[in-house]
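Take a moment to look at the chain from one end to the other. Then let us walk through it together, one part at a time.

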Amino acid sequence: MKNLSEQPCLIARSLALVGDAWSMLIMRDAHAGLTRFDEFRKSLGIVPTMLTGRLSSLTEEGLLEKRRYSERPPRDEYVLTEAGRDFLPVLFAIGAWGRKHRGGGAVTRFFDAETGTEIDPVTIDRATGAEIGTRPIRIAAPECQLPAADERT
């Protein structure tokens, strides 16, 4: 996955960071208010070494911030950064896809805490107002940056 982090495609770059299930589920749980290692471990049933690695990666990449909450013994918690908070719509978009294509049986539901209404996410293109997925897309290769006139030889 590290190879993807250098790709011009932002989807590939993002997947290099959070493209595995454990990272996504850690982010889900962080949005649900979990902050401590043992809370994540209990919620996910993940082995400690795997959790340590994923938390370190999410912290290094700026989605979580490590904060000390106890000096004796030394204990840290993991809180969402702005980038981490901005990741919530991505999780809900994946969940909406799952409801449509992987639903059935008992499923977790998400509600707006203020209104009590179930969240039904829709992704919209800001420029056109169209729901993403209802119109064809075109993928453009990155444009090469020419050096400034004084840098050319």
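The paragraphs below go through helices, strands and a few side-chain contacts.

First, some ground rules. This is a predicted model, in which local features need pLDDT of at least 70 and side-chain atom pairs count only at pLDDT 80 or more, while totals for chains, interfaces and linings use all residues. Residues are numbered from 1 along each chain as its sequence is written, and side-chain values use heavy atoms, with hydrogens and water left out.

Let us begin with the helices. Helices here are DSSP runs of H or I with at least four residues, strands are runs of E with at least two, and both are numbered from the N terminus. Helix 1 covers residues 10–18, and its buried residues are Ala12, Leu17 and Val18. "Buried" means under 20% relative accessible area, "exposed" means over 50%, and "partly exposed" is in between, using a 1.4 Å probe and protein chains only. Among the parts that cover these buried residues of helix 1 are helix 2 and helix 4 (48–60).

Now move on to helix 2, residues 21–31. At its start, a side-chain oxygen of Asp20 comes within 3.1 Å of the backbone nitrogen of Trp22. Along helix 2, Ser23, Met24, Ile26, Met27, Asp29 and Ala30 are buried. A handy piece of background: an α-helix has 3.6 residues a turn, so residues three or four places apart point the same way. Just after helix 2 comes Gly33, with a positive phi of about 105°.

How do helix 2 and helix 3 pack? Their angle is about 115° and their axes are 11 Å apart, with helix 3 spanning residues 37–44. The axes are lines fitted to C-alpha atoms, for helices over the stretch in contact, and the angles run from 0 to 180 degrees between N-to-C directions. On the helix 2 side, the contact (heavy atoms within 4.5 Å) is made by Trp22, Leu25, Ile26, Arg28, Asp29 and Ala30. Helix 3 contributes Phe40, Ser43 and Leu44.

Next, find the two strands. Strand 1 is 64–70, and Pro73 lies in the loop between strand 1 and strand 2. A cis peptide bond joins Arg72 and Pro73, with omega about -10°. Asp76 belongs to strand 2, residues 75–80. Leaving aside neighbours within four places in sequence, Asp76 touches Lys66, Arg67, Arg68 and Tyr69. With Arg68, the side chain of Asp76 makes a polar contact of 2.7 Å. A polar contact is a pair of N or O atoms within 3.5 Å; within protein, one must be able to donate a hydrogen and the other to accept it, and residues adjacent in sequence count only if both atoms are side-chain atoms.

Finally, look at helix 6. Which two rings form an edge-to-face pair? The rings of Phe92 and Phe110 do so, because their centres are 5.2 Å apart and their planes are at 80°. Rings of Phe, Tyr and Trp (its six-membered ring) pair if their centres lie within 6.5 Å; planes under 30 degrees apart count as stacked, over 60 as edge-to-face and the rest as tilted. Phe92 lies in helix 6 (residues 88–101) and Phe110 in the segment after helix 6, so the pair ties together parts 18 residues apart in sequence. Phe92 is buried at 17% relative accessible area, whereas Phe110 is partly exposed at 37%.
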